[in-house]
There are 2 protein chains.
Amino acid sequence: MSKILAKLDQNESPIPPPDNLLLNRYKDIVKDINRYQRGELYEYLRELYAEYAGVDKEYVWIQPGMDLFFEDILIIENNKRIIVPYPSYFLFIEQVKHYGYNIVRIPLNERFVQELSIVSRDKPSIIYIDNPNNPTGKIIVSKNDITLIAEINSDNIFLIDEAYYEFCNYTLKDLVKEYDNIVVFRTMSKAFSFAGGRVAFSIINPSLARKVFYYNIVRFRLSTISLGLAIALLENKSYMNDIVDLIRSERKRVIKRIREIGLQVNSSCTNFIMVNTGIPKIAELLQKEGVLVKDLGKILGREYLGYIRVTIGIPRENNAFLYALEKIIAECSQSRCTIHDTS
Amino acid sequence: MSKILAKLDQNESPIPPPDNLLLNRYKDIVKDINRYQRGELYEYLRELYAEYAGVDKEYVWIQPGMDLFFEDILIIENNKRIIVPYPSYFLFIEQVKHYGYNIVRIPLNERFVQELSIVSRDKPSIIYIDNPNNPTGKIIVSKNDITLIAEINSDNIFLIDEAYYEFCNYTLKDLVKEYDNIVVFRTMSKAFSFAGGRVAFSIINPSLARKVFYYNIVRFRLSTISLGLAIALLENKSYMNDIVDLIRSERKRVIKRIREIGLQVNSSCTNFIMVNTGIPKIAELLQKEGVLVKDLGKILGREYLGYIRVTIGIPRENNAFLYALEKIIAECSQSRCTIHDTS
């Protein structure tokens, strides 16, 4: 494989946080690394995040990754049925399969919300919704949608994954206070540029939290270093706004250019876009040019052959992607590499 | 409460690792903190720990805390029955209660192994054994014991918690290759002085691991910083041997002195001791003197009134404990504070 010019396959932020924010905090924390976490760090990060999210502190829980929240809920709820949009965040699907859950997939089309409200009547289930959705980049349910469905069957538990919230500003977090079966998930892995630090949040009604999370277990899962650095980042979050601004403006530019090339691309409310290139081997061809993207055909099957999910990076990376894409399309129009040619 | 002179309540190592081992590694890792974990870090730490533990690399898994291994296994196994020694590690008991497991407790007396082999015949269960046991500090099962029981009912899963292995050097890890239902757990929280870093290991037969752990989920739970620092510590582990030597020699000294005072104390294979003081409020009285210890009466109930679990610290901390203990005993012999006096 050639040198990697642009790593656009994991929806990471392209820029680390300013390291001057972090070094002193690290030095302060590591002096006590032989000790278990001091409860104050966990509590203080809860407080900071609650303020940031605009909820009460006791609604906020922290863990080293969203999947842990999912597991904690899935182990307590035992109907073992989960309803998900199709497509949706693929690692979540892998996780629930591994736990032996039955998966009901609802296609993401204009009948999605209606279908969801019908299926959710059958029997109490967990309903997972990534909002914005991964890989389409779109908001797929509104507050009204979820309120209506939540009132039909109050025994369902709604997991609302808002990993990309900062790029979108649409949130269902206000529903959590009224509905104790709606949980919202957030992360510092995306806009906060802290994927390696493993800090995820849930915003959850305390009455449900008591059932699914055990405080003295959960709070020990975070390293004191991750907690300390996350605190430093939230205390100095203007860097995050700068990154979000950059990504949004680059997203606009990249989408515009792709449409000029003549390809189909959704508008997006996230730090990635979904592109239908019509070229089944597009991910592989891009990789040869040093550009890593997610091959949706590989993950989602035939229906998504030729589709890729592309993270928005810094200008240099996006240009590398656009350049490689145009080059491949030009070559393909001469040879035979579209879906119709190969089928 | 007065100033804390000695924090001896969580079985932590009293000394952090030398920080010159860690700083450069931190700086190297944090540059990419916006990225998800590179698989190489996880794989390299597996390799290092496998070498340290004397097992093959594919037997080693890593997570930010043992409780996560427990949860991953408990969510897959669904008989919801667990067999534990009484007493044993109290946070584990809390965790399985929270998950709705039925708990069968087997008293830790001379009939323990016999009783365990009888109860484990009934129906497939999870059998948790902390070996050495917490809080008694003793090895409670031998290789032969476990081999015999494992052969009676191969559908049981044995969770062998060796958190204190380094202070003891007794291990059941060699059984894991032959028995795919025996899992051994280790940690860097104790002898490696890395409690705040959250790095725990399981040594598990690959055939069971495939069922209970999902690689692409599990490996993302560790922060890149914790992984990087853990690698630096294992690459330079002589500091750990020094700590273990110090704790062992202090353990000997403290036990000798307690016996001279006339109290009952077990020999111990860990970095803590269990002391029967005969004074119900002993933990509270020690706290007033600035010495924190674990009050076993509070956790285990009436039978353990007056018992404390005391971590072995550095000489200064142990002296603070011994001084306070002698002072309290002297005062108690004049007033009326033993169990007999208060009952």
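**Ground rules**

I count residues from 1 along each chain as its sequence is written, and I letter chains from A and number ligands from 1 in the order in which they are written. Since the model is predicted, local features need pLDDT of at least 70 and side-chain atom pairs count only at pLDDT 80 or more, while totals for chains, interfaces and linings use all residues.

**Entry 1: chain A as a whole**

I began with the overall make-up and found 15 helices and 13 strands in chain A. Helices (H or I, at least four residues) and strands (E, at least two) are DSSP runs, numbered from the N terminus. The C-alpha trace of chain A spans about 65 × 55 × 30 Å along its principal axes.

**Entry 2: two domains**

I noted that chain A is divided into domain 1 (6–15 + 239–342) and domain 2 (19–235); such bounds come from an automatic or database domain assignment. The centres of the two domains of chain A, taken over C-alpha atoms, are 27 Å apart. Their contact takes 21 residues from domain 1 of chain A and 18 residues from domain 2 of chain A, where residues are in contact if their C-beta atoms, placed from the backbone, lie within 7 Å. On the domain 1 side, H11(A) gives the largest share, 5 residues.

**Entry 3: a sheet in chain A**

Next I traced an open sheet of 4 strands in chain A, with the order E9-E10-E13-E12 and antiparallel pairing. Two strands pair if DSSP finds at least two bridges between them. Strands E9 (264–265) and E12 (294–295) of chain A stand at the edges with a single partner strand each, so one side of each has no neighbour in the sheet. Strands E10 (residues 272–276) and E13 (residues 307–311) of chain A pair over 5 bridges, and A:Asn276 stands opposite A:Tyr307 in E13(A). Helix H11 (residues 238–261) of chain A packs on the sheet, touching E9 and E10 of chain A, and its direction makes about 5° with that of E10(A). For such angles, axes are lines fitted to C-alpha atoms, for helices over the stretch in contact, and angles run from 0 to 180 degrees between N-to-C directions.

**Entry 4: how the copies meet**

I looked up how chain B superposes on chain A: a rotation of 180° with 0.0 Å of shift along its axis does it, with RMSD 0.0 Å. In chain B, the C-alpha nearest the axis belongs to B:Ile75, 2.7 Å from it.

At the interface, 45 residues of chain B are in contact with 45 residues of chain A. H3(B) gives the most to the chain B side, with 5 residues. The copies meet through the same surface, because 100% of the interface residues of chain B are also interface residues in chain A.

Most residues other than glycine have a negative phi, and most peptide bonds are trans. I found a cis bond from A:Asn134 to A:Pro135, with omega near 25°. A:Pro135 sits in the loop between strand E5 (126–130) and helix H6 (143–152) of chain A. B:Asn169 has a positive phi, near 70°.

Conventions: Least-squares fit on C-alpha atoms with pLDDT ≥ 70 in both. Contact = placed C-beta atoms within 7 Å.
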